[in-house]
Structure formats: structure tokens, C-alpha cells
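Welcome! Let us take a walk through this structure together, starting with one residue and then stepping back to the wider picture.

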Amino acid sequence: MSRPLVHFTPAHNWMNDPNGLLFHDGRYHLFFQYNPEGIGHANMSWGHASSTDLIDWTEHPVAIPCDENEQIFSGSAVVDEGNTAGFAGPGETALVAIYTSVSAVTGIQSQTLAYSVDDGMTWTKYGTPVLDRGSKDFRDPKVFRYRGPSDDYWVMVAVEAVDRQVVLYRSDDLREWTFLSVYGPAGAVDGIWECPDLFPLAVDGDSGDVRWVLVISMSPGAIAGGSGTQYIVGRFDGVAFTADVPLAAGESDAVDWLDFGRDCYAGVTFNGLPDERRTFIAWMSNWDYAREWPAEGARGAMTVARRLSLTMVDGRPQLTAAPVLPDGVVVESSADGTWLLPDAARIEITGRAGEVELIVRDGPKAVLSWTPEEVVLDRTAFIGIDDSFPSRERMPLPVTVTGSLTLVVDRGSVEVFAAGGSRTLTDLVPWNGPVTLVPREPTTRESIAVQALT
Ligand code: FRU
């Protein structure tokens, strides 16, 4: 695949989960699961990129490398404003990464720290675990500053992956952690749980109605097959998370899915932004076939950044996502009413029901169709990557919220935002050449607007 244009991808090698998403001093930092040596999932380290607008990313040297003792698995980063961990010298501010160290000797996964006093450019490993449960499946710590009515402290959410549990801890100094509570198993439990996140959002922007959203990635067994992400809306009192509508383990029909495609996994939100600017990035792949994705020098891309909000949809608060995109330039249709798409495009489509085809020159096509009830994306024609790749994704639509469809098409992918962003569907599609957009009955050219993203 040629390199995507509006999605972050490293210059070389393998990438998976976003890590340590942090806004600091006007700059967004994106760390990521990275193999500095090759195109496969190995030598896990934290790669690093930064951006001032979430669109143009500059890749930096590896931030936290693996060594003979440990693999560096997923985690988060915070700005230690109060120097609670004591890593900053006079006049310095420390950024602290909290990551899962996988012992090369025992395979035990414990949480440990690294810190930077030069705005994230170079990192020093703390060297010893700060939280060890003796477990081989305890990982992906997301740490955030909890500001309670009477007290501020650090909270960590992490998973016991195989137990389908999110475990919560608190700390005053990032070094010593005290157990708070556990959530789960509940809801979708067909796969192991990974990469949790927990954050507050005001419902419809009402600061008098703030709820907490618990995001849990799960692989396999998600809604579209393989890896995917569920979320739960509830309350967090500084100790325990309580779902507004508790689900029993396995009660997956009632689960809220963050995305209905196959390629939106391990997504988390940035630390360091004001609460109302909840910004999310996920890895755009699926463990079912991530290792088989055709790679030209690099393998793995992120979703576009998405601004999240909580909005009332069908009588309950649901996550709504708005893509962060560069400015577009209008692309006119050809005389025959089709579009030869630019390599990166934003497409707006109106109409209660309809169909468009995305046809690769001399190649297969993907078909997007929709009714008032659902959106269906069919990529079954794309064979040859892995037996599990060809698929047809169905995304049920809400009853009370309608709206146009927004498609973000880049080299190798399509993201669909429907019903005001309360439904999203993210799929890799290996376009190996120019793509033509063809409206099919009852969709007409007048109901489509195409922009080139530059
Ligand atoms: C999720 C995940 C995490 C782990 C990382 C390893 O995709 O499996 O649980 O920390 O990837 O690369």
C-alpha cells in the first residue's frame, strides 16, 4: 500500500496502538507501539511523533526503546505539574510515561515509569516496576489526574486482560499505588480486554450533567469480528466506576460499540487538554490480519483524530465523534456523473437511502449502502490479504438522530461518520490504484459533495 496522506503512519516498520497521547505546551504528542527493527510485531518500543494541529505529524527518534530485559507495551503519559514524582529539577517540568514492562525473563507484565524533562524528546527509564500484581496479563495503564470535590490524585485504569477486568488504582506520586476497585467482567467478554480509558464528558455540553465514559478494547469477538471497542457511560466517584445501565457478562446485545468497522482498535484519548476537548485516536487495524496487511516499508496507520462528545441519542447519552481534518478543495464530478477521487478525500452524502460504489481502476470495488435503519459497507471483493479480511460491516442507525454521511477516504482506508457522528465505521480497504466514486440508484450526483484533502 502507498502511504496514507491524512493518517499518521511511521516512515518505516511496524506500528500498533497509540500510546501516551499528551497535549503539552501547544504540541500534541503521539507515542505508539513500534518495532524499530522491522515490519512485524516484535521489539516493542514507544515510537514518537508530534503535531500542532493533529494533522501534520513529525516523527521523532524512538522515545522508549525495548532492551534485553523488557518489552515496552502500551500505556499513557501525564504532565507532572506539581512534580509529584520528583523527576523535575529546579525550573523543569517532567512529563511522565506510565507503561507496561513485559519481563523478558518471567513474562510478567508490570507497570513502570519513564520521564522526560525536555518536553518529550528524550526519556529516562525509572528502572523498577511501580505496580506488579505478579500477573502475565496486567497491562495498558491509562493514568489521569482526578480532581475530586475534596482531593486531587492520580488514577490509573489498567486491565487484567484475560479476566476481562478493568482495575483501578490511585497514587499521590506516581510511584506508590493503592488499589481502588475493579470493573467487570461485564458486557462484551468474548475476547480479552485491552487498552482501557476513563474520562468525564458533559451530556450535550451541560456542565450540570457530567458522566464518565469507560472505554474498553476487546479482541477478538467484537461487533464486526476480531478487534473492536465497547464503551460504558456511568459515574466515577474517585473510587469506583458504576455503569448507568449495568450489563451482565456476555450481555453483548446491549453493548455500545465505539465503532462498527473492523479497523478501530486500542483507541484512547489525550491527556493535557481541557475536559471538553476529548480527543481520540485509535490504531486502524485488527489483530485478525494486522500482520498480513500489505506493507511498503511501513505497516500500520492511526485513525484520524476524533473530537468526542456525549450527546443524547435515543434517550441516553452516547459518544459522538467529529473528525479533525485538513481544509478541502472542491472536486467536481466528471461528465458521466462519477468522481475520480483524489488520494485523500472527504465525501458528504445526503439522502435517506442510497448506494455508492468505490471502484479501484482495473480492480475490485467496495460498496456503501444505507437505509434509515443502517449503513452497510461491503469490502468482500478484497481478497488475497488474509481469509478473515473480506467482510461486510453493518452499522445500525439511531432512531431519533439523522444526518448526512461523511466519508474520509485515504490510501488504504475509509472512515464513515453517520447520524451526526454518533455512529462511526472504520475499515481498511487496500485501494491499489485510483478510486472512482459511482452513485447508484436512488443516489444522484446532486446529493454528493467531494473535497480533496491536502
Ligand atoms: C493492544 C495490545 C496491548 C499491548 C500492546 C502490545 O493492541 O495487545 O494490550 O499493550 O498491544 O503491542
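Strands here are DSSP runs of E with at least two residues, numbered from the N terminus. What you see is a predicted model.

Is Leu-407 buried or exposed? Buried means under 20% relative accessible area, and Leu-407 has a value of 0%, so this residue counts as buried. Among the residues that Leu-407 touches beyond four places away in sequence are Ala-345, Arg-346, Ile-347, Leu-368 and Glu-415. Look also at Glu-348: this residue is 59 residues away from Leu-407 along the chain, yet the two C-alpha atoms are separated by 6.5 Å.

Now let us step back to the whole chain. Two domains divide it: domain 1 spans 13–323 and domain 2 spans 328–453. Their contact takes 25 residues from domain 1 and 31 residues from domain 2. The centres of domain 1 and domain 2, taken over C-alpha atoms, lie 29 Å apart.

How much area is buried between domain 1 and domain 2? The figure is about 2,200 Å², with carbon and sulfur atoms giving 59% of it. Across this interface there are also two salt bridges and 20 residue pairs in polar contact, both residues being at pLDDT 80 or more. On the side of domain 1 that touches domain 2, strand 21 (306–313) and strand 22 (316–323) each supply at least two residues. Strand 22 gives the largest share, five residues. By type, that side of domain 1 has 13 nonpolar, five polar and seven charged residues.

Finally, return to Glu-415, one of the residues touched by Leu-407. The side chain of Glu-415 forms a salt bridge with that of Arg-306, at 2.8 Å from N to O.

Technical notes
Residues numbered from 1 in each chain as written. Predicted model: local features only at pLDDT ≥ 70, side-chain atom pairs only at ≥ 80, totals over all residues. Heavy atoms only, no water. Buried < 20%, exposed > 50% of the residue type's maximum accessible area, 1.4 Å probe, protein only. Contact = heavy atoms within 4.5 Å. Domains from an automatic or database assignment. Buried area = accessible area lost by both parts, 1.4 Å probe. Salt bridge = Lys/Arg side-chain N within 4 Å of Asp/Glu carboxyl O. Polar contact = N/O pair within 3.5 Å; in protein donor to acceptor, adjacent residues only side chain to side chain. Helix = DSSP H or I, 4+ residues; strand = E, 2+ residues; numbered from the N terminus. Nonpolar A, V, L, I, M, F, W, Y, C, P; charged D, E, K, R; others polar.
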